[in-house]
Amino acid sequence: MPKSIGIKVIIGGYCLALLIFIGASVISSSHLTQLMETSRWMDYSDKLQDSLQDLLSQLNSASAIAQHQPWLLKQIPAQAQLLLQEQLGAVVTQIQRTQLSLILGDSLSIAILMVLGGLILKQHSRFKAELELIRDRPPSQTTLEQMAQREQLILSSAQRIRQTLDLDTILETTVTEVREFLGVDRVLVYRIWSDGTGSTVAESVTPDTAPILGQTFPAEVFPEQMHQLYCQGRIRTVVNPETDGVTPCLVEFLQQLGVKSKLVVPILQQEKLWGLLIAHHCSQPRQWQSLEIDLLYQLAIQVTIAIHQAQLYQQLQTELIERQSIENQLRQARDQLEIRVQERTAELMQTNADLQTQIHERREAEAALRISEERFRVALHNSPITVFNQDTNLRYTWVYNPASRINTDALIGKSELEMFAPENAQKLMPIKHRVLTTGVGERQEISIIVDGKVRYYDLTVEPLRNHAEEVVGITCAATNITEIRIREQELRESERFIQRIADAMPTALYLYDLIEKRHIYSNQQITQLIGYSPEEIQAMAPTFPQNLIHPDDQSKCTTAIKRFTTAKEGEIIETEYRIQHKSGEWRWLYSREMVFTRTANGLPQQILGTAQDITEHKQAELIRLALAQEQELRQLQLNFFSMASHEFRTPLSTILASVQLLKYYYPEGSDHKIRRNIDRIETTAKTMTQLLNDILTINRAETGKLEFTPRPFELEKFCCHLVEEMQVNAGSNYLINFISQNQYILVCLDEKLLRSILMNLLSNAIKYSPLGSQIDLILTCSQSTATFQIKDSGIGIPIEDQKKLFGIFHRGTNIGNIPGTGLGLAVVRKCLDIQGGMISVNSEVGVGTTMTIMIPLHDQSAV
């Protein structure tokens with residue numbers, strides 16, 4: 001069969017099935033039956049005959065059409081000519097537009113005519129009865145005019161369907177002409193959607209009527225139960241909603257739209273409700289005529305035809321576009337195939353050239369591989385690596401370069417347990433079993449016992465696969481690393497030894513990188529110096545130690561680092577600087593540093609240093625300097641005191657001698673004013689003399705010239721004389737009470753030093769006690785110690801002053817304007833120290849003070 005004939009048969013068969021479906025769905029619907037029952041066809045038989053002849057002439061390309069024309073014309077009654085004209089006109093228009101007549105065969109044409117003819121014959125009896133009924137009722141002139149106008153409207157609608165495929169244009173023209181023909185206020189096409197809602201898709205209204213075009217109404221406006229009634233051909237007429245038994249909800253809906261009467265005709269598609277053709281009269285109720293009802297019904301059929309026509313056209317357009325797309329794809333595929341053939345030819349030529357090159361390269365590679373294998377064999381033979389294969393039972397299948405004591409032939413076919421000690425096999429077998437099971441290679445370091453010695457091996461185990469990638473064994477490589485591990489162990493021992501030595505050093509040892517500015521190493525002694533551990537120091541890089549060095553020493557350390565640039569090999573740079581301890585305390589460090597490593601261009605990279613805490617040494621040096629300065633100052637003071645004492649003593653002696661002479665010439669009872677001045681001069685001179693004596697005593701004690709000369713004397717008698725003397729000086733303002741509880745009257749002491757001690761203590765008690773108060777001197781003696789207590793009820797001594805009470809020139813903070821020199825208690829302490837005595841203070845501010853003196857007694861026979 002030729003290719004063109006085959007394509008024609010395929011496309012013809014497809015169109016045959018399509019047109020049979022269209023004819024069955026359009027003409028066999030309930031519209032055709034109702035049309036035949038209500039139409040009047042008598043006046044149009046000639047036109048139907050002409051249309052049929054036109055259709056047959058268009059389909060006359062097949063010889064079978066001419067043979068069946070007489071039969072087909074005899075089977076079509078004259079009453080059905082109008083219907084046939086409308087139905088066949090639409091089909092022929094589609095055939096003409098899509099040019100399907102060029103490819104249709106005889107069988108397709110005969111099938112179309114047989115389907116149409118058979119369906120029309122089925123309605124022949126119905127036409128017959130209807131026509132007889134019409135003959136019995138001759139219409140009036142008005143009715144005939146309306147019928148003619150109606151038929152003209154139907155014909156014009158059918159003509160539009162044949163002329164255009166635009167459904168919107170058909171619907172708009174239909175509603176406009178129907179409204180004008182019926183003289184109603186609104187004619188609309190109501191489309192029902194799949195979800196039950198509906199909307200107005202075409203509308204014609206009078207200027208006084210509100211349009212509802214494009215509005216969508218919910219499903220409740222047209223319930224689902226009403227669909228079946230309209231699918232069965234129901235025509236709904238409402239003359240007056242209020243009197244025609246219409247449901248209240250519909251009455252309310254019509255009132256909202258202002259509708260007084262309405263006429264509703266269904267638009268069906270394949271026995272399903274597509275929508276409604278509706279006429280509204282809004283001015284007043286209207287009685288609908290059968291002619292009006294019939295017109296609306298016939299136009300609904302025309303709309304149905306237009307819908308099918310538009311859908312068919314759309315489907316054919318889609319198929320035509322798809323066909324053109326397929327043809328374009330075929331054309332492109334053909335062009336691409338030609339291009340691909342050319343490319344493939346070029347690729348094959350290039351592949352052939354590449355193959356020749358690869359063959360040449362492979363030959364060269366094989367030669368190089370043989371050379372490499374020989375080199376590998378030689379290298380492997382002279383290396384400490386043993387290579388071997390084992391099967392899935394871990395039996396040796398191939399061994400290369402085994403240990404010298406093992407025979408290769410003895411290993412083949414043997415397992416680990418047959419060749420090695422059980423403890424060695426138990427270390428090796430689990431690794432190999434895992435590789436066989438998982439198919440993943442492993443590398444481990446193992447140790448085994450060989451000849452009673454531990455041997456270390458770097459063992460690599462990889463799966464051995466066949467061409468199907470199945471694991472059929474393992475490949476192992478074992479490298480003897482015993483010597484390396486022994487050297488590493490020795491190195492670790494050496495490092496530990498060096499570390500112990502470094503940690504045992506009394507100084508800090510560290511290694512500092514000048515470029516990276518961080519500590520590489522430091523021993524534990526660094527923690528004792530600055531409180532930070534070596535780990536903390538490394539974590540502080542590069543801020544350590546710059547941030548911890550004292551600001552005053554930063555420039556000193558920077559200068560020391562710069563000196564490393566020009567430092568000679570082995571030159572040691574010493575630096576003293578302060579660094580802040582972790583506790584916040586400043587510590588003095590003494591460092592000795594030298595260049596440890598240098599960069600390639602000779603610059604210092606790492607420095608090795610030691611650091612020693614010299615804080616105590618620095619403090620001792622500062623104390624020594626302070627002591628030296630204080631000693632020098634004290635010596636100046638002593639020299640001054642010595643000079644002043646000697647220089648002042650002669651004038652004071654002269655003054656006292658002159659006072660004694662004046663008192664002789666001005667005895668008691670003389671001029672009161674002169675006598676009072678003489679007494680004042682005498683008192684001041686004695687005070688100055690006592691001051692000079694105190695200064696001389698302190699000076700002698702500081703210079704080691706204070707003499708201690710114990711002599712036997714009666715202590716109680718000495719105390720009585722001293723109290724009487726002090727009482728005379730104190731006058732009647734104070735009462736000095738002496739209490740003796742001693743059992744030994746004769747003692748051996750330095751009378752002069754004891755007199756200085758008791759006079760200073762009694763003078764202080766009198767000076768800091770209120771007028772009229774009593775001062776007690778209590779004497780208690782034992783065989784070895786003489787104890788003196790001086791009690792007063794004076795101002796007392798604050799606790800904070802008691803710690804500095806015996807310092808030179810120190811006076812209490814609560815003395816106010818009471819005169820004094822601050823030397824008396826210092827003299828007491830010096831005089832007690834030279835005798836081995838002690839003094840204690842018990843004082844309370846505002847209550848009084850008790851001074852207790854304990855002086856050891858000397859053996860009189862020794863004196």
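A: Here is a walk through the salt bridges, pair by pair.

This is a predicted model, where local features need pLDDT of at least 70, side-chain atom pairs count only at pLDDT 80 or more, and totals for chains, interfaces and linings use all residues. Residues are numbered from 1 along each chain as its sequence is written, and side-chain values use heavy atoms, with hydrogens and water left out.

Side chains of opposite charge can pair when their charged atoms come close. A salt bridge here is a side-chain nitrogen of Lys or Arg within 4 Å of a carboxyl oxygen of Asp or Glu. By this rule there are 25 salt bridges.

Start with Glu366 and Arg362, whose side chains meet at 3.3 Å, N to O. They lie four residues apart in helix H12 (residues 290–381), so about one helical turn separates them. Helices are DSSP runs of H or I, at least four residues long; strands are runs of E, at least two; both are numbered from the N terminus. Glu366 is partly exposed at 34% relative accessibility. Arg362 is exposed at 58%. The cut-offs are under 20% for buried, over 50% for exposed and partly exposed in between, with a 1.4 Å probe and protein chains only.

Next come Glu445 and Arg485, bridged at 2.5 Å, N to O. This pair links distant parts of the chain, 40 residues apart: Glu445 is in strand E9 (residues 442–450), Arg485 in helix H16 (residues 482–504). Glu445 is partly exposed, at 40%.

Glu516 bridges to Arg518, with the closest N and O atoms 2.4 Å apart. Glu516 is partly exposed at 44%, and Arg518 is partly exposed at 33%.

Finally, a network of salt bridges links Arg340, Glu343, Arg344 and Glu347.
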